[in-house]
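Colleague: Could you walk me through this one, please? I'd like to know how its parts hold together.

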Amino acid sequence: MLLRNLQKLSLFGDISILQQHGSISNTYLGKVDPDGKKIKQIQQLFEEILGNSRQLKWLSCGLMLQIVTPTSLSSLSNPIANTMEHLSLLDNHIPGNTTLITAVELERFVNLRSLALDFCDFTAEMARVLADSNHVPLHRLSLLVHSVSIMHKSLDNMPKDENWQALTRNSTNLRVYIMAFDVKSDDMLRILKPSIPLERIHFDSYVTCVSGAVVDLISRQYDKFLTHFILMNDVIDMSAFPDLSDNRNEDPLVLLAWRCTRLSLLAVHGYTVWAHNLIAIARLRGSDLKVLEVTEESIDFDQGELADQDVDPVHNFIEQVSLGLGRPWHAVMDIELLSVFTEPTRHFYREMQSFSEGI
């Protein structure tokens with residue numbers, strides 16, 4: 001009876017706990033469940049829950065490590081699939097070209113208002129399905145771009161700009177949230193089509209840094225939509241943060257603040273942010289920039305600023321940023337105090353939930 005009344009099912013597998021003991025692999029899972037019986041039982045239980053649901057509107061499964069399979073959704077009856085409003089299926093450990101949902105399967109979900117997928121699973125054919133006139137307008141699309149997925153799958157089937165144009169014609173209020181984890185700049189330049197209504201983007205990396213060219217492209221293409229911009233680089237060597245403004249007349253982050261007039265959240269860690277540029281950002285966006293989080297170790301000063309013996313450069317800098325924002329401000333002293341500080345996929349899943357609920 002409880003299953004029949006179930007309207008929202010949200011499951012998240014915290015793989016970071018498992019990763020503390022080394023990388024997740026079939027070998028590791030084989031030790032835990034050598035004959036695969038436990039996984040099979042849980043898969044069957046999950047499919048039974050779907051099959052017995054009568055009022056399910058929200059289904060969200062993130063990184064559940066083989067619990068969700070490419071055949072799981074077939075357990076949903078057509079009436080339930082036809083009335084589902086939110087669907088998220090995320091698992092970048094699915095091998096090869098296997099996906100948790102196909103464009104054909106997606107055709108049943110004609111009432112979706114929000115969708116979250118691994119970017120490599122969101123194909124041009126899926127965009128065409130969602131753009132069809134028999135589908136209700138999509139309001140929220142969250143996409144996780146992971147280097148692991150790009151390595152095992154491909155970007156060849158991703159939507160072209162004309163697919164995004166068709167989708168936004170049918171879904172005029174569509175907004176997109178992208179999180180890119182350790183993705184090469186060349187790949188990002190391919191992914192970021194001009195017609196994506198990109199509202200939020202989050203770059204997180206341990207190895208691959210974002211280039212100034214990518215930030216510049218974002219500020220030029222998405223100036224009418226962008227509200228959230230997060231730049232995280234968890235490098236071990238804190239003496240060598242990349243500088244996006246290297247060999248450029250204008251700093252890309254300052255240009256982002258200038259062009260993107262709806263920007264309300266900017267968070268940076270692990271990239272050099274020059275003090276005078278941060279003051280410029282605060283002045284450009286003012287009180288509309290509701291969240292400005294920059295870690296202390298990311299902030300650097302020009303030699304000229306440090307040479308002025310009459311002024312304490314740090315005190316003056318904090319005062320100028322505070323004046324620009326119209327409220328007291330200070331740098332984030334500890335990275336763990338950042339609002340975005342968490343295991344990246346966990347952060348994406350949490351933000352995706354609130355983003356999707358905010359229709």
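Colleague: What share of the contacts with a separation of 6 or more comes from residues 24 or more positions apart?

Modeller: Contact here means heavy atoms within 4.5 Å. Among contacts in the chain with a separation of 6 or more, residues 24 or more positions apart account for 81%.

Colleague: Before we go on, what should I know about the model?

Modeller: It's a predicted model, so local features need pLDDT of at least 70 and side-chain atom pairs count only at pLDDT 80 or more, while totals for chains, interfaces and linings use all residues. Residues are numbered from 1 along each chain as its sequence is written, and side-chain values use heavy atoms, with hydrogens and water left out.

Colleague: How many helices and strands does the chain have?

Modeller: Both are DSSP runs numbered from the N terminus: helices are H or I with at least four residues, strands are E with at least two. The count for the chain is 16 helices and 12 strands.

Colleague: And what percentage of the 359 residues count as buried?

Modeller: Buried means under 20% relative accessible area, exposed means over 50%, and partly exposed is in between (1.4 Å probe, protein chains only). With that rule, the buried part of the 359 residues is 53%.

Colleague: Which residue of E4 is the bridge partner of Leu89?

Modeller: On the other side of the story, Ala116 stands opposite Ser142 in E5. For Leu89, the bridge partner in E4 is Leu117.

Colleague: Why is E4 described as largely enclosed by the rest of the structure?

Modeller: It comes down to burial. E4 is largely enclosed because the buried residues in it number five of five.

Colleague: Which residues join into one network?

Modeller: Another bridge links Arg200 and Glu351, with closest N and O atoms 3.8 Å apart. Arg200 is in strand E7 and Glu351 in helix H16 (residues 344-357), so this pair ties together parts 151 residues apart in sequence. Salt bridges that share partners make one network out of Arg175, Glu199, Arg200, Arg350 and Glu351.

Colleague: Is Arg259 buried or partly exposed?

Modeller: Arg259 meets Asp216 in a salt bridge (2.9 Å, N to O). Asp216 lies in helix H11 (residues 212-221) and Arg259 in helix H12 (residues 252-259), so parts 43 residues apart in sequence are tied together. Asp216 is buried at 14% relative accessible area, whereas Arg259, at 24%, is partly exposed.

Colleague: Which residues of H12 are buried?

Modeller: H12 is largely enclosed by the rest of the structure, because six of its eight residues are buried. Its buried residues pack against several elements, including H11 and helix H13 (275-285). The buried ones are Pro252, Leu253, Val254, Leu255, Leu256 and Ala257.

Colleague: One last stop: which side chain makes a polar contact with the side chain of His228?

Modeller: His228 is found in strand E8 and is buried, with a relative accessible area of 15%. A polar contact is a pair of N or O atoms within 3.5 Å; within protein, one must be able to donate a hydrogen and the other to accept it, and residues adjacent in sequence count only if both atoms are side-chain atoms. At 2.7 Å, the partner side chain is that of Thr227.

Key:
A salt bridge is a side-chain nitrogen of Lys or Arg within 4 Å of a carboxyl oxygen of Asp or Glu. Two strands pair if DSSP finds at least two bridges between them.
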